[in-house]
Every structure is written in C-alpha cells, then in structure tokens.
Amino acid sequence: MSEIRFDENWVMRRRNPNHGLEPIRQVLARHGNPQNDLKFIHVAGTNGKGSVCCYIRDVLMAHGYRTGMFTSPHLIHHFDRITIDGKWITKDEYQHILDACIDDIIELNLGMFEIALLIALLHFKKQKTDYVVLECGLGGRLDNTNVIPSPVISVITTIGSDHAALLGNRVQQVAFEKAGIIREHVPVCVGLVSRKARGVIASVANRKHAPITFMKQVQVTGQNAFKYDHDVYELSSAAFYQKENALLALRVLKSIGIDIHDDATKQALHESSWKGRFEKVGTHPAIYLDGAHNKEGIEALVRNYSGLNRPVITVFSALKDKPGRWMASKLSQVSDELIITSINNGRFDSMDSLSIDGAVMVADENQAVDQAVKLAGENGTVVICGSLYFISDIRKRWKTGQD
C-alpha cells in the first residue's frame, strides 16, 4: 500500500467537521498563535465579501502596505485562497507549512477550511504583512476566522437567506450570526441591509460599544462611476452591485485612515477586479461569468441585464441547497433564452429539479455554453451563473494561471 501523500489535494478532500472553534484555537496555540501578531480587517456577509475584500486589498497595496488576503471558496486553484499583494501562496510555501503542522492537523481532525486558515495565518506572519483582509467562510459568530484577536475594523457586507439550515431562516437570525464578528470598541462598517437586519446589528454593536456606520444608497454618476464624499470614482466593472461594494470598501478604508481621495486610491479602485463577478471573458459575443448563487446574488445580477446587448442567453446551474427553481425563473424573465445544465457532482441539483417552463435543458455543461454562444451570435451576450464551482469549471476555457 502506497504511503499517503499529505498535500493540497489531500487537504481539499478533507471534510469540514462541525466541531466548534476549539480545535483551530488549539492548533494555532501549538504553532505560536500567529494571529496575535497580525492586523486584521475582518469581513462577513451573505454576498459581496470577496469583492469588498479585493477593493480594500488593492487600495492598501497602492498605498504601500504589504497586504495578505484570505478568501473562500477558490475560483482557479486552492492556492488562490491565500494571497499576499495579489500573489498566491506558492506550492513550496504551502507544503512547507502543511508538513510542519500535519501531526496536529490529524490529531485534531481539522477540516479543509481550518487547514487553509492555519496555513494562511502562519504564512502571513512569516511574510510580515502590514494588513490581513480576512473573509469569513460561513456566518461569523462561530466561523473559524473568528478566532482572531480584535481586528482594526469589522465589516458586514449584506444580509441574506443563504445557508438557512446552519444560520437560521429569518433575517434576524442571520444578522445575529454575522454580527458575531463585532468586537468591543472596534468600529464596524455595514453595507446595505434591511431594517430588521440593521436593528439586530446595531443592537450587538451598541452592547459592545462598537462605533457603527451604515452605508446609504450609492450615488451613480455614470455606467462605471459613482460619487462618494464629494468625489467621483470609476470602476472597471459596469455591474451595479460592484459600485455598492466599492463604496463600502471606501468607507472602511477611510475609517482606518487611508486617504481615499488621492490618485493612488482612484487608480487602484479603477484597476481592481474580482474574478468571477460579472467578469467579461469573451467578446463577439460578450461572455460574462458571475458567481451569483443565491436569491440576493441573482437579484443583484439581473439588475445589469438592461445594459447588455441582445439577445442575452443565460446558462445556469446551481447547488442542491439553493432555491434553484426560483433563481431560474428570475433569470428566465430577463433572458432571451435560459439554458439549464448540471455538473456531475453530488452537490449539484439535477436538471429536473431546476427545470422551468420555457428553459432549454442541456446535460453537458460545455455543450450548454457552446449552444449559448451560437444562439447569442456575434453581437449578443452570454451570461454564465448559478454557482462559483460551476463558473470555476467553465472559466478554464478562457483563463489560465494567476490571471
């Protein structure tokens, strides 16, 4: 019998056990508590976390700060969860830390997310980062990232109904879990949330004496531009929801003392792009990939359809734990044609479960995309969405490496 190879592929196959925060606390303590030597910007929320993290990171880099970032899930490769100044952790760096921790990982039965977080924190400490932009994996209060000491600022992007089985099916319950990242006397910035969610978050912040700022509606000044604090900022993305995410990022950056009005900030914001979020990967037809994978994400995505060249052909697939038929129906209302497909993966919903009247069913994901491209023609648009795992697979057709 061959010896087990403990590498990133072994890590990716690890189940994420629901055993609380004590195991990750123990393993961090055994390896010097690297989190205690790092400066964090902690980001929770239902949607928009990755984009907000990306905008914050890129502006910090533009101001000369060595910036680590931890996000999930990965889009291109497992290593893209852990970056410093936008560069993935290398295979050698990852393997070196994994080897040093493997006995503890096995003893404590750590899952994939815990291992990735452990490696990230040790990597960021070794590389002496000035800031770490840390994205919650799920929830906030009981998320593994919540083992960090008090961050410099806490961020809550949006509150939605995702992961109801784990976080609760009421907005107030989800808001309470996300607000679990708020710490004593640490400022918190909150994106656009409902009145009910706002009340819960404000209550938690008040109990912890944490100064709180709620974002107002974004003031749009052009297809790619918005106004904030008497200044205009232009993005590379035309997606409306990215203006909201960029505005929240600016509020966060201003709160920690970054000059948001200088040319470095504006240039960094303009050039910043979070892969897989209304990402244009093709022309003639225009092809967009979007990781919208829940009700709120789909609602944000379809707001952009009015500005797309017709015909618009949408290719859709979703995981079993999502409101797939509802999302398909929403997409069908704004598309000239909706193509439903599936992936040979036990987590994905079947085409029968996703099926709605008028949709075209294509079993093979690549054939579904090929058919969409043909139907859109040279002057139309193809939108591929429904799951980050789905668009990660499809994205390989156009993009490779750390692009």
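My entries go from a sheet to the helices and strands around it, then on to other parts of the chain.

**Ground rules**

I'm working from a predicted model, where local features need pLDDT of at least 70, side-chain atom pairs count only at pLDDT 80 or more, and totals for chains, interfaces and linings use all residues. Residues are numbered from 1 along each chain as its sequence is written, and side-chain values use heavy atoms, with hydrogens and water left out.

Helices (H or I, at least four residues) and strands (E, at least two) are DSSP runs, numbered from the N terminus. I call two strands paired if DSSP finds at least two bridges between them.

**Entry 1: a three-stranded sheet**

I started with an open sheet whose three strands come in the order β9-β10-β11, with antiparallel pairing. Its edge strands are β9 (219-222) and β11 (231-234), each pairing on one side only. From one strand to the next, the twist averages 40°. Angles here run from 0 to 180 degrees between N-to-C directions, and axes are lines fitted to C-alpha atoms, for helices over the stretch in contact.

Then I went through the pairings. β9 and β10 (residues 225-228) are joined by three antiparallel bridges, and Gly222 has Ala225 in β10 as its bridge partner. β10 and β11 are antiparallel too, over four bridges. In β11, Ala225 is partnered by Glu234. I noted that β10 and β11 form a hairpin with two residues between them, and that Asp229 in the turn has a positive phi of about 55°.

Contact means heavy atoms within 4.5 Å. Helix α10 (residues 263-271) lies across β10 and β11, at about 35° to β11.

I checked α9 on its own as well. Its 16 residues reach 24 Å from first C-alpha to last, close to the 22 Å expected at 1.5 Å a residue; the expected span is 1.5 Å times one less than the number of residues. Of those 16 residues, 14 are buried. Just after α9, I spotted Gly257 with a positive phi of about 95°.

**Entry 2: α9 against α3**

How do α3 and α9 pack? Helix α3 (residues 49-62) and α9 meet at an angle of about 50°, with their axes 8 Å apart. That makes α3 oblique to α9, because angles under 35 degrees count as roughly parallel, over 145 as roughly antiparallel, 65 to 115 as roughly perpendicular and the rest as oblique. The crossing is right-handed, meaning the near helix is turned clockwise from the far one by less than a right angle, with anticlockwise being left-handed. Among the residues I saw meeting are Tyr55 and Leu60 from α3, and Leu248 and Val252 from α9.

**Entry 3: β1 and its neighbours**

I moved on to β1 (residues 40-44), where five of five residues are buried. Both faces are covered, with Phe40, His42 and Ala44 on one side and Ile41 and Val43 on the other. β1 runs parallel to β5 over four bridges, and His42 has Leu134 in β5 as its bridge partner. Four bridges also join β1 to β6, again in parallel; here Val43 is partnered by Val155.

Between β5 (131-135) and β6 (153-156) I found a loop that holds Gly139. At 3% relative accessibility, Gly139 counts as buried.

**Entry 4: two more looks**

I checked helix α5 (residues 112-126) too. Its 15 residues should span 21 Å, and the end C-alpha atoms are 21 Å apart, which agrees. In α5, 13 of the 15 residues are buried, so the rest of the structure largely encloses this helix. Just after α5, Lys128 takes a positive phi of about 55°.

Last, I looked at helix α14 (residues 365-376) and helix α15 (residues 388-395), whose axes come within 11 Å and cross at roughly 75°. That makes α14 roughly perpendicular to α15. Glu365, Asn366 and Val369 in α14 meet Phe390, Asp393 and Ile394 in α15.

Note on methods
Buried < 20%, exposed > 50% of the residue type's maximum accessible area, 1.4 Å probe, protein only.
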